Amino acid sequence: MSIEVAGTGKQLTATSGVLASAVSDAFEVTPAAAASLAFVQQPTTVAAGATISPAVTVGVQDAYGNGVAAAQVELSLVGSGTLAGGAPVETDAAGLATFAGLSVDLVGSKQLSAASGALTPQ
């Protein structure tokens, strides 16, 4: 038996024929190890040096789709220019890392790369 959805207040019920059912005490299921990394809020078009809005958000999930809290996520700029505000951010309880102060100094088409531990960069 396994439980794939993380959360609190989980209970198990045991039944057998005509016997009265038994219910376990409440327990918590925590997310498994981080397995995937994805942009939840993509960067938008912005003027050079201006803060990207809405804030870029990256999600970290386990193999079952549960958000993984306390994972360090770092952004980098692919190509020319300097990315400000891409220092590591820790994911919140929902597994989201929000980068509120991102800006790029040079004009042109850009791409961001997100990394977290051993996960494949996105």
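Reply: Leu12 is partly exposed, at a relative accessible area of 34%; buried means under 20%, exposed over 50%, and partly exposed in between (1.4 Å probe, protein chains only). The model is predicted, so local features need pLDDT of at least 70 and side-chain atom pairs pLDDT 80 or more, whereas totals for chains, interfaces and linings use all residues. Residues are numbered from 1 along each chain as its sequence is written, and side-chain values use heavy atoms, without hydrogens and water.

Me: Where does Leu12 lie?

Reply: Helices (H or I, at least four residues) and strands (E, at least two) are DSSP runs, numbered from the N terminus. Leu12 lies in the loop between strands E1 (7-10) and E2 (13-14).

Me: Which residues does a cis peptide bond join?

Reply: Ser53 and Pro54 are joined by one, with omega about 0 degrees. Pro54 belongs to the loop between E5 and strand E6 (56-62).

Me: What can be said of Gln41?

Reply: Gln41 is part of strand E5 (residues 34-41) and is partly exposed, with a relative accessible area of 28%. Between Gln41 and Pro88 there are 47 residues in sequence and 17 Å in space, C-alpha to C-alpha.
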